[in-house]
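Let's take a walk through this structure by way of its metal sites. Have the model open as you read.

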Amino acid sequence: MKNQQIADLFSAMADLLEILGESLFRVNSYRKAARVLEELAEDIEAVAAADRLTEIEGIGDSTAGKIRQYLAEGRIEQYDKLKAQVPPDLPGLLDVPGLGPKTVAKLWKQASVTSVAELRAALDKSPERLLAVEGLGPKKLDQIRQSLAFQAEAGGRIRLNTARELAERLLADVRRAPGAQRATFAGSLRRGKETIGDIDLLCQADANRAAKIIQRFAASEGVERVLAAGATKGSVVLTGGVQADLRVVEPASYPAALMYFTGSKEHNIRLRELAVQKGWKLNEYGLFDGEKRFKAGEEADLYARLGLAYVPPELREDRGEVEAARDAALPELLEDGDLRGDLHMHTTASDGHNSIDEMIDACRAKGYKYLAICDHSKSQVQAHGLDEKRLAAHVEAIRKSARRHKDILVLTGVEVDIFKDGSLDFSDDVLAGLDFVTASAHSALAMSGPEATKRLIRAAEHPCVHCIGHPTGRMINSRPGMEIDVAELARAAAANGVALEINAHPVRLDLRDVHVRAAVEAGAKLVINTDAHSTDQLDLMGYGVTTARRGWARKGDVLNTLTPAQLRKWLGTKRK
DNA sequence: GCCGTTTTCGGCCCGACTGTTTTCAGTCG
Ligand SMILES: Nc1nc2c(ncn2[C@H]2C[C@H](O)[C@@H](COP(=O)(O)OP(=O)(O)OP(=O)(O)O)O2)c(=O)[nH]1
Ligand SMILES: [Mg+2]
Ligand SMILES: [Mg+2]
Ligand SMILES: [Zn+2]
């Protein structure tokens, strides 16, 4: 699937155009094209073949032409031309915090600095050359030195669970600050995005207390350096390289500030455009008609004033939610309490850390009505996968436990490996004897998108399979996974009555949000599982629910919201 | 470059913080 490659090219063209001083609106349209391509769950080639490119929001004739050229020739002429106008490593300078397109252009034109390496050298040996550049003074150079010194440590985006832990600690500290009336996290963390760029905190306080709260934040434990600390906001880097931003506002501004600071940026812009259309102004202090500020006690009041239904944070990505909120067409999203069981967990029989009974007890303690034990199959040798004989014994043990736990439905199952060609690690006979079969790919993930899609579709068409586990196999921040055309897979899943897993483990979150959306649109069932390898990992379910909500999933889209009786019936139709 | 319950042309979100400035540009949220 070439979606990501093309997205990267548009992103690179945006950077090049910006350095070259092109109109920011035009630059933004390239960035938007990159974003929608990245978020597309369908193979761009299929969209192009159906002549539907310009149906995608943000893709017009010009962008569509470039995409078609890439698909036909493997290159975009405009990219090549832009690239030729600029030294090859110049755009790399944009990654240095504090350096933007204007400064990068001036460094190049006025100081012949064309790469990060040359910048480092100049800072060391000939700072006077840099000081001669318009707008650069000694303090700015020091800032750049700092940025470069810490650049290696700045690790990029972190996982949702890691960010939550960090944020809880910071938040507890902010709440203890004198004058702090309330505080919460905002930004991508509140929206539940799969990775988090930085931690955004919002605090309510009277204006005369704000500066002190920010200074306290900047001086708090775990802060490595302070990027900015003013009268309303502060920005710090924590040891480890994660950035944290604190915004402090007065009580009357809190709802608008929460709305602003939750974002996303693109969602904010849509809301602000709506305000402008009505002759108003929306910012982090409120919604204004001239000098007059509309009263708002919570975010919902602001949405209502703009003619919109309340938009849950998970949906605020400018993926159609503003239109849906206007048309009263937002979905009634799945909620945490809707889940009645977990259908993918491991035990000590394969690579889990707890026994069957311990997992059952932990599920009961969570209030679940059912669970399925799905240990690995024999080809997963490193995970101590079960062969037919051990599986039979394991199933017997599960049934025996089940008889002792009458208040919770315990299903026998397996996580059967999907081979490279889409066939499975157990024979039909063996699989047919199990209550719940999850099929997952674990190895040979480095295959082309179309091949990988075929592989999973073949597994989904298998008469004994109930669920495709962690479909792409991606591991956040460590491996990309297969480039599945999830829209196509979801159609096959829907046709065959197979559920697609949202693996809730924060390292996986697979399917991811935009994939969930495609699955819902195709009418496929989802199932949210923790894939727990220990009792405490059963608690990770919330990350899966968040991901499902970000994919616009309703209760009815999710298999494990069914009652035990309904679930049995669903399983029965598969085994007829 | 995209887009349209006022538009097919003329708009395109709005503000904080810092540094280099003599009134604001650049970068970032
Ligand atoms: N109106 C407006 N709001 C913005 C802009 N940039 C950022 N914001 C708001 C919305 C963001 O969610 C919020 C926090 O900014 P961040 O840069 O931290 O982005 P966010 O947390 O969404 O993503 P992240 O995971 O940190 O990359 O600030 C902007 O250009 N305009
Ligand atoms: Mg953020
Ligand atoms: Mg931020
Ligand atoms: Zn697995």
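What follows goes through the zinc site and then the magnesium site.

Keep in mind that this is a predicted model. Start by finding the zinc ion (ligand 4). Its protein donors are Glu415, through OE, plus His442 and His470, each through NE2. They sit 2.0 to 2.2 Å from the zinc ion. Read along the sequence, these donor residues follow the pattern E-x26-H-x27-H. The two histidines both come from loops: His442 is in the one between β14 (436-440) and α20 (449-461), and His470 is in the one between β15 (467-468) and α21 (486-496), so the pair ties together parts that are 28 residues apart in sequence.

Are these histidines buried or exposed? The cut-off for buried is under 20% relative accessible area. His442 comes in at 15% relative accessibility, so it counts as buried. His470 has 1%, so it counts as buried too.

Now move over to the magnesium ion (ligand 3). Asp200 and Asp245 are both buried.

Finally, take another look at Asp198. What does Asp198 bridge? It links the magnesium ion (ligand 3) with the magnesium ion (ligand 2), and these two ions lie 3.5 Å apart.

Technical notes: Residues numbered from 1 in each chain as written. Chains lettered and ligands numbered in written order. Predicted model: local features only at pLDDT ≥ 70, side-chain atom pairs only at ≥ 80, totals over all residues. Heavy atoms only, no water. Donors = N, O, S within 2.8 Å, 3.2 Å for Na, K, Ca; no water. Helix = DSSP H or I, 4+ residues; strand = E, 2+ residues; numbered from the N terminus. Buried < 20%, exposed > 50% of the residue type's maximum accessible area, 1.4 Å probe, protein only.
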